[in-house]
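Please read them with the structure open.

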Amino acid sequence: MARNKKPLPIFEQVTITDVAAEGKAIAKVNDLVVFIPFVAPGDVVDIQITRKKHSYAEGKAIRFHSYSDKRSTPFCEHFGTCGGCKWQHLPYEEQLKYKHKQVTDNLTRIGKIALGEVYPILGSEKTTYYRNKLEFTFSNKKWLTEAEIGSDKSFDCMNAVGFHIPGMFDKVLDINQCWLQSELSNQIRLSIRNYCLSHEGYPFFDLRNQDGLMRTLIVRTASTGEIMVIVVFYKEEQDKINELLTYVAEQFPQITSLLYIINSKCNDTITDQKVEVFKGKDHIIEEMEGLKFKVGPKSFYQTNSDQAYNLYKITRDFAGLTGNEMVYDLYTGTGTIANFVSSRAKKVIGIEYVPEAIEDAKVNAALNNIENTLFFAGDMKDILTQEFIALHGKPDVIITDPPRAGMHDDVIDTILFAEPRRIVYVSCNPATQARDLGLLDVKYEVKKVQPVDMFPHTHHVENVVLLEKKSHS
């Protein structure tokens, strides 16, 4: 006989005290720490516990008794349901304050190191329409909001084009307006959705049963004004594909790169898929300080172009280049940082795991007549060895911009062996950055810390740290 689960409690009139990781806020009930989304410090709420562990719990606000004065009105109609932009209810200045605190807390608590000079966080001039890339999913299993479920409406059409609901792999929220990318992106998405709904033969994808035609839509924009649209289909129904893309091309002549992919795999990744050009070029051009960067459908490029420029300027400034330095750029991606700093260095070596990204890096160097960069593809810990350094020369400066997981211990050991004068560590995860800084502390001290906000209305924060070799090392 199954044992009845004890109902989870409701805590009444609890004051929210702080902001935590992952965009949630914190309340304390007796000795129990509770994490709650979509509330602000100073709110007084009733909390329904949804998950309880020994040392903490998770919950949701089911009633507001009073609102914090540190609160703003969310501007997006999808706030609270869509998984993005979870901090819209916090004024932007408050968001920046908590992101800055997140950086300093992580570096001191996890890294346990002295921080040198910590500069105020650099906010984003644009807080809406700042992304240059968005991916939308077609689904025949539309997510119904609580308001829709409570209404008297009948929902005969369950098709949606939008974002996955967090924790629901096959449920998609139909997005009316997204504030992350330019209005043209909204128009393109809605136009494609409406065309497919009003014409026969365009079933939206059923993720569980792996069936349908319309799969995903990717929109990329560049500061140069160029626009890339990639439509991903599940089946090779060429007549239907041609009809839809002809319509898109006629409706939106602004699109400079109209591409499509037929992806019959179980997952949505396109890195291993063939890309077909329907109209225009197979890439768009991004520009930064006169340098041109070719961005293809599979290329990685920082998704906030304006803040990427600021991030790279800070990185170059921290590197302190005079024109005589050998620079290693680890996790170089498409070589954006390597090519960006090359004019102030003697030589730059970029290393990256993804071979296609390295090919992009070489193309971008050639596009800009840059002749002092070398790029290598392979696993960082396998490429960056003592033998590699002996062959190519010891770096004076290392720039490293690893993925969220941070750097492998072997990579850190090789950096310590190489003993560059300066290390510039760019990170999208201050927690793993702090761990790595703690390991580098045997030979290096932190001189400067510069947090940068790349993603307004989210808890994510980028951070740039300058390390210099200790005098006794």
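What volume does the largest cavity have? The points below start there. Bear in mind throughout that this is a predicted model.

1. **The cavity.** The largest cavity has a volume of about 60 Å³. A search of the whole structure finds 1 cavity of 30 Å³ or more.

2. **Its lining.** The residues around the largest cavity are N132, R220, T221, A222, I284, E286, V295 and Y301. Two elements each give two or more residues to this lining: β11 (214-221) and β15 (284-288). By class, the lining splits into 4 nonpolar, 2 polar and 2 charged residues.

3. **The second largest pocket.** This pocket holds about 940 Å³ of space. Its lining counts 26 residues. Nearest its centre lie P37, F38, K60, G80 and T81.

4. β6 (56-66) and α2 (146-150) are the elements that give two or more residues to the lining of the second largest pocket. β6 gives the most, with 6 residues. The lining as a whole has 14 nonpolar, 7 polar and 5 charged residues.

5. **Helices α3 and α4.** How do these two pack? Helix α3 (residues 183-198) meets helix α4 (residues 238-251) at an angle of about 140°, and their axes are 11 Å apart. Angles over 145 degrees would count as roughly antiparallel. The pair is therefore oblique. The crossing of α3 and α4 is right-handed.

6. **The α3/α4 contact.** α3 contributes S191, I192, Y195 and C196. On the α4 side are E243, L244, Y247, V248 and Q251. The contact of α3 with α4 comprises 6 nonpolar, 2 polar and 1 charged residues.

7. **Helices α10 and α11.** The axes of helix α10 (residues 409-418) and helix α11 (residues 430-440) come within 10 Å. They cross at roughly 40°. Angles under 35 degrees would count as roughly parallel, so α10 and α11 are oblique to each other. The crossing here is right-handed.

8. **The α10/α11 contact.** Which residues of α10 and α11 meet? From α10 come D409, I412, I415 and L416. From α11 come D436, L439 and L440. The contact of α10 with α11 has 5 nonpolar and 2 charged residues, and no polar ones.

Notes: Residues numbered from 1 in each chain as written. Predicted model: local features only at pLDDT ≥ 70, side-chain atom pairs only at ≥ 80, totals over all residues. Heavy atoms only, no water. Axes fitted to C-alpha atoms, helices over the stretch in contact; angles between N-to-C directions. Helix = DSSP H or I, 4+ residues; strand = E, 2+ residues; numbered from the N terminus. Parallel < 35°, antiparallel > 145°, perpendicular 65-115°, else oblique. Left-handed = near helix turned anticlockwise from the far one by under 90°. Contact = heavy atoms within 4.5 Å. Nonpolar A, V, L, I, M, F, W, Y, C, P; charged D, E, K, R; others polar. 1 Å grid on protein atoms, 1.4 Å probe; cavity = no way out; pocket = protein on both sides within 12 Å on 5 of 7 lines; lining within 4 Å. Points joined across faces, edges and corners; volume = space filled by probe spheres on them.
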